Amino acid sequence: MFGGYGAADILQDCTIAIDKGEVVVVVGPNGAGKSTAMKALFGMLNLRKGSVFFNGEEITSMLPQERVRLGMGFVPQNSNVFTSMTVEENLEMGAFIRRDDYSESIAQVFRLFPALEEKRSQPAGELSGGQRQQVAVGRALMTNPDVLMLDEPTAGVSPIVMDELFDRILEVAKTGIAVIMVEQNARQALEIADRGYVLVQGQNRYSDTGAALLADQNVRKAFLGG
Amino acid sequence: MTERWRNSLLFAGMAALLVAVGVFQSSNLALAILNLCLISAIMTLGVNIQWGYAGLFNAGVMGFTALGGLAAVIISVPPVTEAWTAGGVRAVSGLCLGVLAIALGILTWKKLALNKTARGWASALIVVIGVVVMRWVIDPAVEAIEAVEPAKTGFLGGFGLPIMFAWMAGGALAALAAWAIGKISLGLRSDYLAIATLGISEIIIYILKNEDWLARGVKNVNGLSRPVPYEIELQSTLWVQSLASRIDINLIELSSIIVKLCYAGLFVVVLALIYWLSERALRSPWGRMMRAIRDNEIAAGAMGKNVTSRHLQVFILGSAVIGIAGAMLTTLDGIFTPSTYQPLRFTFLVWVMVIVGGSGNNLGSILGGFVIWFFWIEAEPLGLGLISFLTSSMAEDSPIRIHLLQNAAYTRYITMGAVLLLVLRFSPRGLIPERNR
Amino acid sequence: MIDILNALALLANFVIVPALAYGSQLALGALGVTMIYAVLRFSNFAHGETMSFGAMISVLATWGLQEAGITIGSLPTALLALPISIIATVCVCLLFDRLVYRYYRTQKAAPVTYLIISVGVLFVLSGVIRFIIGPKDQIFADGQRFILKARAFKEMTGLDQGLAIKTTQGVTVVTAVVIVALLFWFLNRTRTGKSMRAYSDNEELALLSGINPARVVMITWIITGALAAIAGTLYGLDKGYKPFTYLGLVLPIFSAAIVGGVGNPVGAIFGGFVIAFSEMLLTFAYKRVIAYLTPGDWVPDGLMQLLATDYKLAVSFVILVIVLLIKPTGMFSGKTL
């Protein structure tokens, strides 16, 4: 992918790929283009050059709404819940494009995030940061996606909540959903990752399995604090 | 160079239209339209100062115009001494009391060292008590004043000064009101500023219509003095009579034309002055700063510019210009009629002038004032002609035809609305766009 | 005791009942304005004229029905004309959206641009209305005039003060209650309604959830058009149809919407009644009420009126200003500035 927000390209020949059931983590320093790559994959910015494929089909010119219908779920970093609507309504909105009975999906989300079940009738804006993230992820899961894309899901969240969130993400991946995560908390993210991409200045600098990246001296020194 | 050519062509076109009216309809009509065009141009300049320089949407043009007219009355009408002795002092002091009460209320709200609810109740209480006291003081005075020859006067009258002062006073009164209004509403978002100014202007008109002791309310004040000679005077002077016979024009018509020409001359002087001042201001460092603020308010604020106070300056200046135009309008009419101040005719029509002329450009505002006023007036006969033509196939006395012909005048609302929408869509920068410096 | 009842009857007759009716009309108008603001994010100055248009169609349809001899007995025939008016008004709203507003959504125009555009729409609508029906007053209420006559009330209760309830007032309140209930059911219990709330809450996230923005916009205009037609017709029934007055309604309606919290439907209703009751309470002449409530025969000198009746508009405006200065998000926290 080559692309950016304006005249200057942020992404310089960046490539990201994922298979079913994998957990892929994208890390890198600030301004490396991680979130930009994510948005590009989802169609929220135009690529100057390059393409996006889903299940073998090219979807480069598809609108984000259409990609949702295909089976891509996206959890933005900010403003990712409907604050004035209850938890349950948020999940219902997630299932908006579905025409089938989604009560099983809601039950699944509540199994995944038990704390949300108690608060199902509370407006999402009144929840704590960690619970809001859960609602955000839950909403995206309701679209019954094949790929779940998360933009810095643990930003601004306490360490315990972060661990819990990563556990849940693993559980999600176990159900066969591919998970792409952009993360600042590189070490913890790579620990649960099958594969990782380290982006620097819009380019792939290192690509390998999670464990390998964790062990790599260069990666550790530059991004993981030795 | 092409810009100058283009502008000259546009203005020449406008002039040609006016001449055409003079030739095909009547010179009197053409001059009457010209005078109102000039006044509209000044009003548009005022609105443009607020919109083009600072992006403020003032939906209360009508109110400021009316205040200008009020100033014309207050300055030029001679005082009604009987009314003053009957209750003038008491009425004025009552008014001051009312203002004091409101000021005290605001002060309490800002300074009292209690929590928000307590402060709120305290201020509200002070204001309510103030209003009650004011009513107690002012009511009998008002009754007495209005009882003094209600058919002819029934109000306080004015200062009896020459009418030219009225124009400046109009600007001053409008500026004062703008200061108060601006202080209240300028921190608000653009929509809310529009609603607030709309509301205030409606209240101003209400007050003018109802407080008879101030300006006779809906009984109107007529016979206002004027800075140009009266037609009757002219008709009895020799040089006018000889001119009439030489050019072969009816004497009465000639006198009317001369009066209008005098007004036109005065108005052109005022317009030129205001235009020149506005252009100087626009090119000055102050003007540049204003436009910088308009284009990026957040950045300007971050650089330490006090955005709200700058907006207040612009708001006051623009309103002052509108007030001057209002005073000029009342002088031209010779009558102060509060019920003619309608939001459609004043506020919104002037906005069409600003947009069509070219927002942000003073020359554009003048052109817009001319063009839109011209078409507003001419749309009435044109609309009538159009409807007559369209219904010509119907029977002469068909009720539908009669009804449609009766209401043909309203087609000009549709035309104006369509003009505004079309210009905004296809040529949003207007006839004479803002110049990027 | 009986004096207190008399005072209450007086208040009910001149303040409470009219304020309930007027408040319902304002609430319906404010609901329309608030929905446009919530979804399309601009202040629609043309809403007053939209209401006037709806009322006009009702008037014309009512005349047609009356000529054809169709009535509903004691209720105003205008109620039968209402569906026609709703359809016509909705069509006009959708037409203007398609021809005018839609373009600016693609341009991501600033809110003040939309405001100016709505002024253009206002011009066109007012011209069309006056052209079709003329500027004069039209009375089109028919059927039984009063649900409760003053005399009947006096006979029933034996009080000195009568309480009259006009049919139009009753119709207004009942219709308003029904419509509001329907609207809230729609917004809170149906998938489409919830999708509109979601779109209003967070546009980008709504798009990401697959909510179709064009559909949301269309439904918003349909609801607003219907509300405008109903509110305009009820107002015209109650007070007589005068085209010029609807422009003046813009101010109390916006005041109501903002006071309640613009963008919040509950707020719009609350605001409508706050404005209506304030207007009536602050301009009412309390002379007789005070006379009833004070012991003995003492009657106060003046009218005991805080503000002249003509200042009703000023009341709604002052309330608006106070709310804007103290709590701009309104009582129910609508969308912030």
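Helices here are DSSP runs of H or I with at least four residues, and strands are E runs of at least two, numbered from the N terminus. Keep in mind that this is a predicted model.

**Stop 1: chain C**

Select chain C. By that count, chain C holds 13 helices and two strands. Turn it along its principal axes. The C-alpha atoms fill a box of roughly 70 × 55 × 35 Å. How does the radius of gyration of chain C fit a compact globule? A compact globule with 337 residues would come out near 20 Å, and chain C has 21 Å, so the two agree.

Now colour chain C by burial. Of its 337 residues, 52% are buried. Then look at contacts between residues at least 6 apart in sequence. In chain C, 76% of these join residues at least 24 apart.

**Stop 2: how the chains meet**

Show every chain. Two pairs of chains touch, and the pair with the most contacts is B and C. Chains A and B do not touch. Pick their nearest C-alpha atoms, and the distance reads 19 Å.

Next, select the contact between chains A and C. Chain A brings 17 residues to it, and chain C brings 12 residues. Which elements of chain A each supply at least two residues to this side? Select α2 (64-70) and α3 (87-94) of chain A to see them. Colour the chain A side by class. Eight residues are nonpolar, six are polar and three are charged.

**Stop 3: the two domains of chain A**

Hide the other chains and stay with chain A. Select residues 1-62 together with 164-226 for domain 1. Select 72-144 for domain 2. The C-alpha centres of these two domains of chain A are 24 Å apart.

Zoom in on where they meet. Seven residues of domain 1 of chain A are in contact with seven residues of domain 2 of chain A. On the domain 1 side, α1 (34-42) and α7 (159-174) of chain A give two or more residues each. Which of them gives the most? It is α7(A), with four residues. By class, the domain 1 side of chain A has four nonpolar residues, one polar residue and two charged residues.

**Stop 4: the sheet of chain A**

Switch to a cartoon view of chain A. Find the open sheet of six strands, which runs β7-β8-β9-β3-β10-β11 with mixed pairing.

**Stop 5**

Finish with β10 (residues 195-200) and β11 of chain A. These two strands pair in the antiparallel sense over six bridges. Follow two of the pairings. Y197(A) has S207(A) as its bridge partner in β11(A).

Then move to the turn. β10(A) and β11(A) form a hairpin with two residues between them. Select Q201(A) in that turn, where phi is positive, at about 50 degrees.

How values were computed:
Residues are numbered from 1 along each chain as its sequence is written. Chains are lettered from A and ligands numbered from 1 in the order in which they are written. This is a predicted model: local features need pLDDT of at least 70, side-chain atom pairs count only at pLDDT 80 or more; totals for chains, interfaces and linings use all residues. Ala, Val, Leu, Ile, Met, Phe, Trp, Tyr, Cys and Pro count as nonpolar, Asp, Glu, Lys and Arg as charged, and the others, Gly among them, as polar. Domain bounds come from an automatic or database domain assignment. Two strands pair if DSSP finds at least two bridges between them. The radius of gyration is taken over C-alpha atoms; the globule rule is 2.2 Å times the number of residues to the power 0.38. A residue is buried if 20 or more other C-beta atoms lie within 10 Å of its own, exposed if 12 or fewer, and partly exposed in between; C-beta atoms are placed from the backbone.
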